[in-house]
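Opening the notebook on a new model today.

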Amino acid sequence: MANHRHFFNRKLHSLLGVVPIGAFLFIHLLTNYYATRGEAAFLDRVKIMEGLPFLALVELVFIFLPLLYHAIFGLYIAFQAKNNVGNYGYFRNVMFMLQRVTGVITLIFVAWHVWETKIQLVMGTTQATGLFKLMNEILASPFMLAFYIVGLLSAVFHFSNGLWSFAVSWGITIGPRSQRISTYVTMVIFVLMSVMGLMALFAFAHPVDVAQAIQP
Ligand code: HEM
C-alpha cells in the first residue's frame with residue numbers, strides 16, 4: 001500500500017515537472033524574450049498575459065500548487081539520495097547528481113525571484129507596467145545578474161535533463177539507441193532555452209532604444 005502511494009507520488013512528481021511546470025517555464029522565457037525587442041514589446045506581452053480570464057486562479061492551480069508539490073517531494077527525493085542508477089554509465093550518473101543539485105538551486109532562485117516580482121505585484125509595491133524597469137534595476141547589480149544567470153541555467157538544465165529521465169520513466173525511450181538520441185535532443189533544448197533566457201536577461205540589463213537602433 002505504502003509502495004503504491006510512493007509509486008503514485010513519483011509519477012505525479014515526474015508528470016508535473018513537464019506539465020504544467022516545464023510548459024510554464026518555456027512560456028515564461030518566451031514572454032521575457034520579447035524584452036530583446038524593447039520595453040514596449042515586452043509590456044505588450046505582459047498585458048496579454050494579465051488579460052487572461054481567471055488569471056489568479058489559473059496561476060494558483062496550474063503553477064503555484066504543482067511547483068510547491070514538485071519542490072517539496074523533489075527535496076525529499078534529493079536528500080534521500082538513493083543511488084539507483086547502477087545500470088547507467090558515468091555520464092548518466094553525473095547528470096543524475098546534477099538533476100538534484102540544480103533542483104535545489106532552482107528552488108532558492110525561484111523563491112527569491114517570485115518574492116522580487118510576483119509578490120511585489122500582489123502587494124502593490126510595483127505595477128505590471130513597471131516590470132521592465134524593475135528587472136533593469138535588479139540586474140544593474142553585477143551580483144544579481146550573476147545570481148540570475150546561475151538560476152536561469154539551473155532551471156533550464158533541470159528541465160531539459162528532466163525531460164530525458166521523464167522519457168525513460170514513462171517508457172518513451174526504452175533502448176540505449178533511443179536514450180542516446182534523447183540525450184542529443186534534450187541538449188539542444190537546453191542550449192536553445194538557455195540562449196533565449198540569457199538574451200532576455202541582457203536585454204533587461206542593457207535595454208536598447210529600439211526606435212534609435214533601427215535609424216540609419
Ligand atoms: C523551474 C522549475 C522546475 C521544473 C521545470 C522541473 C522539472 C522537472 C522535470 C521535467 C523532472 C523530470 C521528471 C522525471 O524524472 O520523470 C524533474 C525531476 C526532479 N525535480 Fe524538478 N523541476 C523544477 C523545480 C524543482 C525544484 C524546485 C526541486 C526541488 C529540489 C526539484 C527537484 C527535482 C528532483 C529531485 C527530480 C528528480 C526526480 C527523479 O530522479 O526521480 N525540481 N523536474
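I started at Glu59, which is partly exposed with a relative accessible area of 24%. My cut-offs: buried is under 20% relative accessible area, exposed is over 50%, and partly exposed is in between, with a 1.4 Å probe and protein chains only. A note on the source before I go on: this is a predicted model, where local features need pLDDT of at least 70, side-chain atom pairs count only at pLDDT 80 or more, and totals for chains, interfaces and linings use all residues. Residues are numbered from 1 along each chain as its sequence is written, and side-chain values use heavy atoms, with hydrogens and water left out.

Which side chain does Glu59 meet in a salt bridge? I found Lys118, at 3.1 Å from N to O. Glu59 sits in helix α3 (residues 55-80) and Lys118 in helix α4 (residues 90-123), so this pair ties together parts 59 residues apart in sequence. Lys118 is partly exposed, at 30% relative accessible area. For the record, a salt bridge here is a side-chain nitrogen of Lys or Arg within 4 Å of a carboxyl oxygen of Asp or Glu. Helices are DSSP runs of H or I with at least four residues, strands are runs of E with at least two, and numbering goes from the N terminus.

How many salt bridges does that rule give? I get two. In the other entry, the side chains of Glu39 and Lys133 meet at 3.0 Å, N to O. That pair links distant parts of the chain, with Glu39 in helix α2 (residues 39-50) and Lys133 in helix α5 (residues 131-138), 94 residues apart. I have Glu39 down as partly exposed at 27%, and Lys133 is partly exposed too, at 47% relative accessibility. A reminder to myself: side chains of opposite charge can pair when their charged atoms come close.

Next I looked up Gly151, in helix α6 (residues 142-169). Is Gly151 buried or exposed? At 1% relative accessibility, I count Gly151 as buried. I also checked Gly151 against Gly17: they are 134 residues apart in sequence and 17 Å apart in space, C-alpha to C-alpha.

Val150 is in helix α6 as well, but I have Val150 as partly exposed, with a relative accessible area of 45%.

Then Thr186, in helix α7 (residues 176-205). Thr186 is buried at 9% relative accessible area. What does Thr186 touch, leaving out residues up to four places away in sequence? I noted Ser160, Leu163 and Trp164. Contact means heavy atoms within 4.5 Å.

**Whole chain**

I count eight helices and zero strands in the protein. Buried residues make up 35% of the 216. Of the contacts with a separation of 6 or more, 76% come from residues 24 or more positions apart.

The C-alpha trace spans about 60 × 40 × 30 Å along its principal axes.
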